[in-house]
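Have the coordinates open as you read.

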Amino acid sequence: MLLPVFTLKLRHKISPRMVAIGRYDGTHPCLAAATQAGKVTGPTRTPPASRSRLSRCPAPSPHCLATGRCRPWPEACLYGVSEEQLQSSDVADGANAIVLGTLGDITPPLAIIGGNCALQGFDHEGNDLFWTVTGDNVHSLALCDFDGDGKTELLVGSEDFDIRVFKEDEIVAEMTETEIITSLCPMYGSRFGYALSNGTVGVYDKTARYWRIKSKNHAMSIHAFDINSDGVCELITGWSNGKVDARSDRTGEVIFKDNFSSAIAGVVEGDYRMDGHVQLICCSVDGEIRGYLPGTAEMKGNLLDTSVEQDLIRELSQKKQTLLLELRNYEENTKAELSSPLNEADGQKGIIPANTKLHTALSVSLGSDVQDAHAELRISTSNDTIIRAVLIFAEGIFVGESHVVHPSVHNLSSSIRVPVTPPKDVPVDLHLKTFVGYRSSTQFHVFELTRQLPRFTMYALTSPDATSEPASYVNFIIAERAQRMVMWLNQNFLLPEDTNIQNAPFQVCFTSLRNGGQLYIKIKSSGEITVNTDDIDLAGDIIQSMASFFAIEDLQVEADFPVYFEELRKVLVKVDEYHSVHQKLSADMADNSNLIRSLLVRAEDARLMRDMKTMKNRYMELYDLNKDLLNGYKIRCNNHTELLGNLKAVNQAIQRAGRLRVGKPKNQVINACRDAIRSNNINTLFRIMRVGTAPS
């Protein structure tokens with residue numbers, strides 16, 4: 001069993017996910033942590049003599065904490081707050097996550113901050129060297145050599161359930177998960193670990209998920225560390241119930257675990273004892289710190305105590321009982337088969353014809369109104385056997401990721417229809433387990449199969465109607481044959497079997513099952529493609545899907561979304577108004593603060609002079625002024641909340657304009673849009689969003 005080599009107890013309550021370690025003077029490792037009192041406890045210019053006595057640095061309610069190499073210092077400790085400052089650089093979009101390190105070909109190490117749909121990178125002087133936008137509020141960041149080219153890419157986890165990989169300011173991969181991504185950590189090579197807000201942890205290798213597990217507890221912190229000395233890092237997870245476990249990066253099997261009396265605040269590593277050996281350091285929210293040395297080679301990977309043997313015996317016993325039950329079922333079926341012919345009236349229990357097959361079909365149903373519209377999965381057998389139940393596992397579609405259909409006894413038949421309504425336009429694998437038998441069966445045969453939902457399942461092919469054609473559009477040219485375009489349509493939409501699309505030019509019209517909106521895709525013989533839709537997100541998804549299918553590296557697009565652009569113009573006006581109100585309120589609060597100091601001095605002077613009437617009047621004025629300050633602060637908080645909401649809408653608009661392009665044109669649009677906003681040139685901003693370039 002692996003035991004702690006040291007234990008410390010801090011006199012501070014530590015905030016979850018806010019623990020870091022670094023050699024801030026280049027020699028001595030020192031822990032830094034954010035306390036629940038809104039402070040950052042950690043290093044001063046020189047590390048404290050006692051490792052367990054931490055100095056205190058003031059910080060306005062830190063939201064994130066990170067350490068890393070940052071010139072000209074050996075290592076730096078940075079903390080971020082929601083609306084104040086990081087170092088000396090103002091981060092208008094807040095700081096929800098921080099990571100320090102080098103990114104791509106950008107030479108100096110950066111402090112990369114993820115905030116309100118935006119990513120910013122600063123050097124040690126506070127210069128803004130990196131900026132881009134992402135789809136939603138950022139919750140986690142990590143640096144990893146994702147594509148194996150020797151340069152680090154940025155992994156970003158956000159509130160829209162996506163893990164995005166940025167090669168500098170270009171998105172090179174996206175993985176959709178089922179909940180908010182709360183933690184990311186590089187492991188080795190292109191592998192990285194992740195944790196979700198619903199208790200899921202797992203490992204990816206590039207875009208392929210290696211494994212994942214789901215717990216009823218929440219993963220507070222994850223870290224990669226070679227705990228069993230096999231040369232490969234395991235995924236270390238600290239949980240909300242105080243448990244710490246290490247799982248194999250290949251299988252997810254637990255090879256080590258320990259328990260704290262309170263939730264885990266963070267997991268880090270460092271040579272904390274300065275004896276030449278790196279320890280795994282786990283911190284709880286109550287301030288308890290334990291350090292573990294990796295297991296020796298003699299342990300052969302078994303770092304758990306003897307209770308694991310009992311767990312293994314219990315697990316094998318359960319498997320034995322399951323196999324015995326299955327064997328008994330086979331014996332009963334064999335007896336029934338020998339005693340009677342294969343028909344339902346003879347009371348056979350679970351035998352079905354050997355040639356029984358399961359068929360699946362996907363279709364769309366418009367229904368009587370938009371609320372009834374849905375995609376439909378039809379499951380049927382090849383004979384008169386009935387379907388007793390269907391278990392469907394699919395990520396992001398059903399609550400809890402699984403759905404069970406169990407018809408009543410009176411409605412049993414050889415086919416069943418399951419409505420499916422994916423909330424997002426992403427391809428989803430449906431994993432089916434279908435119980436097949438006869439009405440009188442007590443045992444059922446289980447068919448397992450997988451069926452993929454196309455990316456644009458929630459769009460039904462309809463007849464074109466010129467009066468309903470959307471005014472918004474994107475227009476671009478792709479040098480592909482019409483037959484290849486038809487292949488893309490068949491792979492990404494649920495087209496009826498009798499659909500016969502002729503050679504270009506042609507157009508297809510779809511109706512959204514979510515809101516009834518229209519989608520037109522027009523393809524000319526010259527390769528020019530026009531997509532008409534009022535949904536700018538849908539237009540971006542279609543362009544990104546085409547780019548992936550046809551392996552397009554760069555694509556320039558002309559776009560116009562009059563209604564959306566008008567809404568964005570109103571948002572930009574509101575941003576200016578909220579900025580003005582924010583500055584005025586800040587100035588008023590500063591004036592009132594100065595007035596409070598003056599009144600307090602005058603009240604104390606009156607007290608010393610025993611002028612009680614004047615003292616009472618001054619304190620009454622102070623009381624009234626304090627109420628005004630509190631009211632002003634509430635107004636300022638509401639104003640700030642509205643400002644952040646509008647800034648998020650602006651960042652998302654830039655992200656959407658970028659998703660309408662591919663490759664270099666996409667990066668040019670994002671950077672040009674930011675420059676236009678910096679210079680407050682609104683007309684130029686909309687021109688960039690429309691044509692993709694700034695006016696010369």
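Strands β31 (residues 386–393) and β34 (residues 428–437) run antiparallel and are joined by seven bridges. Within that pair, Ile386 sits opposite Gly437 of β34. This is a predicted model, so local features need pLDDT of at least 70 and side-chain atom pairs count only at pLDDT 80 or more, while totals for chains, interfaces and linings use all residues. Residues are numbered from 1 along each chain as its sequence is written, and side-chain values use heavy atoms, with hydrogens and water left out.

A word on terms: strands (E, at least two residues) and helices (H or I, at least four) are DSSP runs numbered from the N terminus, and two strands pair if DSSP finds at least two bridges between them.

Now zoom out to the sheet. It is open, has four strands in the order β32-β31-β34-β35, and pairs antiparallel. β32 (402–405) and β35 (445–453) are the edge strands; each has a single partner, so one side of each lacks a neighbour in the sheet. From one strand to the next, the twist averages 20 degrees, with axes fitted as lines to C-alpha atoms and angles running from 0 to 180 degrees between N-to-C directions.

Next up is helix α3 (residues 536–549). Its 14 residues should span 20 Å at 1.5 Å a residue, and the end C-alpha atoms are 20 Å apart, which agrees; the expected span is 1.5 Å times one less than the number of residues. At the helix start, a side-chain oxygen of Asp535 comes within 3.0 Å of the backbone nitrogen of Asp537. Just past the other end, Ala551 has a positive phi of about 55 degrees.

How much of α3 is buried? It is mostly covered, with 11 of its 14 residues buried, meaning under 20% relative accessible area (1.4 Å probe, protein chains only). Among them are Ile536, Leu538, Asp541, Gln544 and Met546.

On to the cysteines. The structure has zero disulfides, counted as cysteine sulfur pairs within 2.5 Å. For Cys185, the closest cysteine sulfur is in Cys233, 9.0 Å away, too far for a bond.

| Residue | Relative accessibility |
|---|---|
| Cys185 | 5% |
| Cys673 | 0% |

Finally, an unreviewed UniProt entry annotates residues 664–690 as "domain: BBS2 C-terminal helix bundle"; such annotations may be inferred rather than shown by experiment. In the model, that span is 89% helix and 0% strand, and its end C-alpha atoms lie 16 Å apart.

Note on methods
Buried means under 20% relative accessible area, exposed over 50%, partly exposed in between (1.4 Å probe, protein chains only). A polar contact is a pair of N or O atoms within 3.5 Å; within protein, one must be able to donate a hydrogen and the other to accept it, and residues adjacent in sequence count only if both atoms are side-chain atoms.
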